[in-house]
Amino acid sequence: MVTNLSEKGLFIRTDVMTPQLDSQVAITLTIGETSIIVSGKPVRSENIRGYYTGIGVEVIDPPQNYLDLFDSLLAVL
């Protein structure tokens with residue numbers, strides 16, 4: 001679950017072990033019937049008492065549909 005989103009990154013809440021920092025990942029964001037695929041680089045992981053709670057990902061070269069999603073979310077704030 002994405003809990004924080006910006007033009008250049010996002011934070012994903014997960015209790016599954018996260019990918020190695022500085023690797024590259026593909027992320028599929030699904031909103032309704034629309035899917036957006038972005039490439040990213042994990043830049044930090046978060047854990048509490050040894051339990052994984054999430055990962056911060058830097059978006060690499062965000063596609064226009066990702067930027068459009070970000071803009072649409074800003075419009076409702």
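Predicted model: local features only at pLDDT ≥ 70, side-chain atom pairs only at ≥ 80, totals over all residues.
## The nonpolar core

Start inside. The largest nonpolar core has 13 residues. Those with the most contacts inside this core are Leu-10, Ile-27, Val-57 and Tyr-66. Several elements give two or more residues to the core: strand S2 (9–13), strand S3 (25–31), S4, S5 and H1.

Leu-10 shows how such contacts reach along the chain. Leaving out residues up to four places away in sequence, Leu-10 touches Val-2, Asn-4, Leu-5, Ile-27, Ile-55, Gly-56, Val-57, Val-59 and Tyr-66. Find Leu-10 in the structure, then look for Ile-27, Val-57 and Tyr-66, which are among its contacts.

## Salt bridges

How many salt bridges does the structure hold? There are three salt bridges. In one of them, the side chains of Arg-13 and Glu-46 meet, with N to O at 2.9 Å. Arg-13 sits in strand S2 and Glu-46 in strand S4, so this pair ties together parts that are 33 residues apart in sequence. Arg-13 is partly exposed, at 39% relative accessibility. Glu-46 is also partly exposed, at 23%.

Glu-46 has another partner. Arg-44 forms a salt bridge with Glu-46, and their closest N and O atoms are 3.5 Å apart. Arg-44 is partly exposed, with a relative accessible area of 41%. Together, Arg-13, Arg-44 and Glu-46 are linked in a network of salt bridges.

The side chains of Lys-41 and Glu-58 meet in a salt bridge too, at 3.9 Å from N to O. Lys-41 belongs to strand S4 and Glu-58 to strand S5, so the pair ties together parts that are 17 residues apart in sequence. Lys-41 is partly exposed, with a relative accessible area of 28%. Glu-58 is partly exposed as well, at 36%.

## A buried threonine

Thr-53 lies in strand S5, which covers residues 51–60. Is Thr-53 buried or exposed? Its relative accessibility is 19%, and the cut-off for buried is under 20%, so Thr-53 counts as buried.

What does Thr-53 touch, not counting residues up to four places away in sequence? The contacts are Phe-11, Ile-12, Arg-13, Thr-14, Glu-46, Asn-47 and Ile-48.

## Two loop residues with positive phi

Now follow the chain to its loops. Arg-49 is in the loop between strand S4 (34–48) and S5. Its phi is near 50°, a positive value in a residue other than glycine. Arg-49 counts as exposed, at 81% relative accessibility.

Asp-61 lies in the loop between S5 and helix H1 (64–75). Asp-61 is not a glycine, but it has a positive phi of about 45°. At 69% relative accessibility, Asp-61 counts as exposed.

Which residues make a nonpolar surface patch of about 370 Å²? They are Leu-74, Val-76 and Leu-77. Val-76 is placed in the segment after H1. Exposed means over 50%, and the relative accessible area of Val-76 is 67%, so Val-76 is exposed.

Notes. Residues numbered from 1 in each chain as written. Heavy atoms only, no water. Helix = DSSP H or I, 4+ residues; strand = E, 2+ residues; numbered from the N terminus. Buried < 20%, exposed > 50% of the residue type's maximum accessible area, 1.4 Å probe, protein only. Contact = heavy atoms within 4.5 Å. Core = buried A, V, L, I, M, F, W, Y, C linked by side-chain atoms within 4.5 Å. Patch = residues over 30% accessible without salt bridge, like charges linked within 9 Å, V, L, I, M, F, W, Y side chains within 5 Å. Areas by Shrake-Rupley, 256 points an atom, 1.4 Å probe, with all protein chains shown as cover. Salt bridge = Lys/Arg side-chain N within 4 Å of Asp/Glu carboxyl O.
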